Amino acid sequence: MFIKDIFLAISVMLIWGLNFVVIKIGLNHMSPFFLAGLRFALVVFPAVFFIPMPRAPLKWLIIYGVTISFGQFALLFLAVQLGMSVGVASLVIQSQAFFTMFLGVLLLSEKPGKSQMIGALVACMGIACLAKDAVGGDFRVGNVSLLTLFLTLGAAACWAMGNIANKIILRRWQVPTLSLVVWSAWVPIVPFFVCSWMFEGDISMLTRVMEINTQTILSLIYLSFFATIIGYGIWGGLLKRYETWRVAPFSLLVPVVGLTSASLILREVLSATQMLGVAIVVIGLLINTFGGYLRRRQKLSATPDLSGTVLPLCFIPNSALKSAPPFKSVMPKASA
């Protein structure tokens, strides 16, 4: 990957890592499904009036919107609604990187390199270290159950399917990434409001809107503009230019940023195990990003440069002498 794109990927991870702190602030005064519905409504309006509709089949826009927007956040918020710890969810959902890598190999015939496989495994150990510490060492905390764990894994799988749909759309129809993000946001709005009505009581939407305070408004601006339009816009562009196994592992930085921002903003203290997990994830990402480059440099440095070197005949193999073209003299012929 180019250095510019690496910095873009890291920037998106910073935005998405802070996303969890912003969600927590927004949920202090608003239910999760209604907050998500308003989030995507703000993604659509007013951007839809300025950004042209993408020239791609409607079914692919629906697939993208259902998976990466509605499916991911509906399952994630439902898991949280049923008792899943937000911190544990932020870690478990990063398994999307491995779902994406697997689907990329299965559906797109992509071939991850050794460095990417090793880096993913190392980063996975870091995520496991963070998760184990977050749940007290026995992978259970509060009301976390097998159901909420599978719901969160389902959210990660939806994110991965959205990544694959994103790559197929951009590859086949050359759709502008921002256009795809904005117009696909139409898909989850109504389902989110229906889920809000089903799971969050029968309070009217007008009443919920009237109760919005300044913190919730700022949270919605961040979630809709920064986390969705800018974040997914850059993310989709990276998936268009590179294989999924190069891009997806960067998302493992999200819980690292989430833990750090929670420590700085919410005054949550990182334990020694969490610090170790953060370090392991960073090492895994470094292997994934720079492992192949360093290996190529090592091979080049190990290969001697023989250009411009004249070897004596005794060092030239007989096979090379036999296959060489016959010698022709370039000396001028003597005049008669």
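Buried residues, meaning those under 20% relative accessible area with a 1.4 Å probe and protein chains only, account for 47% of the 336 residues in the protein. The model is predicted, so local features need pLDDT of at least 70 and side-chain atom pairs count only at pLDDT 80 or more, while totals for chains, interfaces and linings use all residues. Residues are numbered from 1 along each chain as its sequence is written, and side-chain values use heavy atoms, without hydrogens and water.

The protein has 15 helices and zero strands; these are DSSP runs, H or I of at least four residues for helices and E of at least two for strands.

Beyond its neighbours within four places in sequence, Y64 is in contact (heavy atoms within 4.5 Å) with residues including G162, N166, L180 and Y232. Y232 in turn belongs to one aromatic cluster with W16, W159 and W235.

The structure contains 13 aromatic pairs, defined by ring centres of Phe, Tyr and Trp (its six-membered ring) within 6.5 Å; planes under 30 degrees apart are stacked, over 60 edge-to-face and the rest tilted. F45 and F49 form a tilted pair, 6.1 Å centre to centre with 45 degrees between the planes. F45 is partly exposed, at 36% relative accessible area, whereas F49 is exposed, at 63%; the exposed class begins over 50%, with partly exposed in between.
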